[in-house]
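Dear colleague,

I am handing over the structure we spoke about, and my notes on it follow below. Please read them with the model open beside you.

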Amino acid sequence: MDEKRNKLAVYPGTFDPLTNGHVDIIERGARLFDRIVVAILVNGEKDPLFAADERKELAVDVFSSFSNVEVETFDGLLVDYAARREADVIVRGLRAISDFEYEMQMALMNRRLNRMIETVFMMPDERYTYLSSRLVKEVYALGGTITGLVPEIVETRLASKIRRGG
Ligand code: PNS
């Protein structure tokens, strides 16, 4: 890694939808690295609530005032995408010990696939340690409040997607 070159980080995920936990990690990444790309996996979940382009549109809106945050969709192997972008680092958030095993497996597999790209883990604010996109969708669908857990635009968009019960 050339020490003088700008450091580019890739923050990959499904982001179905973007939560304030993701936002927290992206803001930390934007302070730590010269540039950070939010890389949205197109075909990760079998039946995503938001299409990849919608997930992208939401993230673009949330980070419109950040000059060093970019949003893209990707498909295929993450390390191949990261190499195409000439990224130095893959950023992942670690919320709790329960995340660790899966994250370590992915980080070591990604290292085996491409030794040039390091995975860096960051912890979100403790307010978000229990937060996940899956729980947000479930709680919202069942009539629970998710205010403060997702950006406002995501909450508005959920309202147009999910008919609430509960
Ligand atoms: O938001 P998620 O579901 O935790 O993100 C998982 C993601 C997108 C980082 C992971 O599924 C991924 O990298 N998928 C791309 C395909 C790939 O490279 N698989 C091998 C990972 S070791």
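Pro17 is found in the loop between strand S1 (8–13) and helix H1 (20–32), where helices (H or I, at least four residues) and strands (E, at least two) are DSSP runs numbered from the N terminus. This is a predicted model, in which local features need pLDDT of at least 70 and side-chain atom pairs count only at pLDDT 80 or more, while totals for chains, interfaces and linings use all residues. Residues are numbered from 1 along each chain as its sequence is written, and side-chain values use heavy atoms, with hydrogens and water left out.

The peptide bond that leads from Asp16 to Pro17 is cis, with omega near 5 degrees. Phe15, which also sits in the loop between S1 and H1, has a positive phi of about 55 degrees although it is not a glycine.

**The ligand**

For Arg92, an N or O atom in the side chain is 2.9 Å from an oxygen atom of the ligand. Of the 550 Å² of accessible area that the ligand has on its own, the protein covers 73% (Shrake-Rupley method, 1.4 Å probe).

**Two helices**

Helix H2 (residues 52–62) packs with helix H6 (residues 152–161) at an angle of about 150 degrees, their axes being 10 Å apart; the axes are lines fitted to C-alpha atoms over the stretch in contact, and angles run from 0 to 180 degrees between N-to-C directions. H2 is therefore roughly antiparallel to H6, a term used for angles over 145 degrees. In this contact (heavy atoms within 4.5 Å), Glu54, Glu57, Leu58, Asp61 and Val62 in H2 meet Ile153, Val154, Arg157 and Lys161 in H6.

Conventions:
Parallel < 35°, antiparallel > 145°, perpendicular 65-115°, else oblique. Polar contact = N/O pair within 3.5 Å; in protein donor to acceptor, adjacent residues only side chain to side chain.
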